[in-house]
Amino acid sequence: QLQLVESGGGWVQPGGSLRLSCAGSGFSLAGYGIAWFRQAPGQEREGIASIERAAGNTAYANSAKGRFAIDRDSTRNSVYLEMNNLKSEDTGVYFCALRDLPVRTLTPLAAVEYDYWGQGTQVTVST
């Protein structure tokens, strides 16, 4: 069974940085599209960034452009979300998700496109 394990969350002051990790347990992430989602209290899950399985094309939510970067490291079997210049509105639980279908999607930040989810890691941005 595919399992995703997130780590790297925590508390940070506004303007700070965090790097989230998503590791595959028992399988290789290299053959799958991976995305990061954020869910703030009382809000729907929001797609933040995605990376395709093959060409490695990336997509970002407007709120993440210029501040966040998604990348994968096949040697570590992980996908990362580098978050810089964090704001209070970035607070939430961050989930990584895996897309099982090997075809490209026009909506890479839509939660419905993803088949497997990690347990999430909390990110809190506050003074």
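## Nonpolar core

The largest nonpolar core, where such a core is a set of buried Ala, Val, Leu, Ile, Met, Phe, Trp, Tyr and Cys residues joined through side-chain atoms within 4.5 Å, has 26 residues, and those with the most contacts inside it are W36, F68, L81, M83, Y94 and L98. Two or more residues are given to this core by each of β3 (18-25), β4, β5 (46-51), β7, β8, β9 and β11 (121-125); strands here are DSSP runs of E with at least two residues, numbered from the N terminus. Buried means under 20% relative accessible area, exposed means over 50%, and partly exposed lies in between, with a 1.4 Å probe and protein chains only.

## Basis of the values

This is a predicted model, in which local features need pLDDT of at least 70 and side-chain atom pairs count only at pLDDT 80 or more, while totals for chains, interfaces and linings use all residues. Residues are numbered from 1 along each chain as its sequence is written, and side-chain values use heavy atoms, with hydrogens and water left out.

## Strand β9 and its partners

Seven of the eight residues of β9 are buried, so this strand is largely enclosed by the rest of the structure. Strands count as paired if DSSP finds at least two bridges between them. β4 and β9 run antiparallel and are joined by seven bridges, with A35 having A97 in β9 as its bridge partner.

β9 also pairs with β11 in the antiparallel sense, over three bridges, and here the bridge partner of Y94 is T121 in β11. With strand β10 (residues 116-117), β9 is joined antiparallel by two bridges, where L98 has Y116 in β10 as its bridge partner.

## Salt-bridge network

Seven salt bridges are found in a search of the whole structure, each being a side-chain nitrogen of Lys or Arg within 4 Å of a carboxyl oxygen of Asp or Glu. R38, E46, R67 and D90 are linked in a network of such bridges. R38 pairs with E46, their closest N and O atoms being 3.1 Å apart; R38 counts as buried at 6% relative accessibility, whereas E46, at 31%, counts as partly exposed.

The side chain of R38 also meets that of D90 in a salt bridge (3.1 Å, N to O). Because R38 lies in strand β4 (residues 33-39) and D90 in the loop between β8 (78-83) and β9 (92-99), this pair ties together parts that are 52 residues apart in sequence. D90 is buried, at 1% relative accessibility, and R67, buried with a relative accessible area of 10%, forms a salt bridge with D90 in which the closest N and O atoms are 2.8 Å apart. R67 lies in the loop between β6 (58-60) and β7 (68-73) and D90 in the loop between β8 and β9, so the pair ties together parts that are 23 residues apart in sequence.

Note on methods:
Helix = DSSP H or I, 4+ residues; strand = E, 2+ residues; numbered from the N terminus.
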